[in-house]
Amino acid sequence: MQAEFTRTFFALWPPPEVAARLHALGKNKEGLPLRAGDLHLTLAFMGDVDAEEFECLRQIAASLSLPRASLRIRSLKYWPHNQILWAAPEIWPPELADFVTDLHAALTDAGFKLDVRDFVPHVTLLRKASTDLSLEVVEPVEWPLEGWSLAASAKSDGLRYRRLAEWAVA
């Protein structure tokens, strides 16, 4: 694992055509848009991990099965405290809620520390967004889940993300 990719997280990644549609939701809005290929939905943020912890994360992920499901993105939301414009799933399917609960439990059981905040499924579209667009309803974007990954962020030419290991849906 390269040193610049140390802020690790588990995430869902949309297929390219869905990523393009999600990316378009942030177009022509003031802020710093994420690249279409970097759009994701974080399942668990791990932070900096060493090689031994990274291998443990891979083993935990390999022991879990992401169920076949889909998301419907229907609205934009805004967090004023950090100026984030994000896309929200219309509903969070129960099978995905169970999967995230199982992932978080396995990580906690292995000794990893997770955020104590409630899990809010979202896809960040813009950072430093200047306008609250949280009331904006958008044409539904259907996102069939194809898999999930362990990824890391890096700062080179802006914030970028790199998938380090991937697993398909069950």
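1. Strand 3 gives the largest share of the lining of the largest pocket, five residues. This is a predicted model, where local features need pLDDT of at least 70, side-chain atom pairs count only at pLDDT 80 or more, and totals for chains, interfaces and linings use all residues. Residues are numbered from 1 along each chain as its sequence is written, and side-chain values use heavy atoms, with hydrogens and water left out. Strands (E, at least two residues) and helices (H or I, at least four) are DSSP runs, numbered from the N terminus.

2. The largest pocket holds about 1,000 Å³ of space. A pocket is an open set of points on a 1 Å grid over the protein atoms alone, where a 1.4 Å probe fits, with protein on both sides within 12 Å along at least five of seven lines; lining residues have an atom within 4 Å of a point. The volume is the space filled by probe spheres set on the points, which are joined across faces, edges and corners.

3. The lining has 32 residues, and Thr42, Phe45, Asp115, Arg117 and His122 are the closest to the pocket centre. Strands 1 (7–12), 3 (41–48), 6 (123–127), 8 (147–155) and 9 (159–168) each give two or more residues to this lining.

4. An open sheet is formed by five strands in the order 2-6-5-4-7, with antiparallel pairing; two strands pair if DSSP finds at least two bridges between them. Strand 2 (32–33) and strand 7 (137–144) are the edge strands.

5. Strand 5 (residues 84–89) and strand 6 run antiparallel and are joined by three bridges. Leucine 85 has leucine 126 in strand 6 as its bridge partner.
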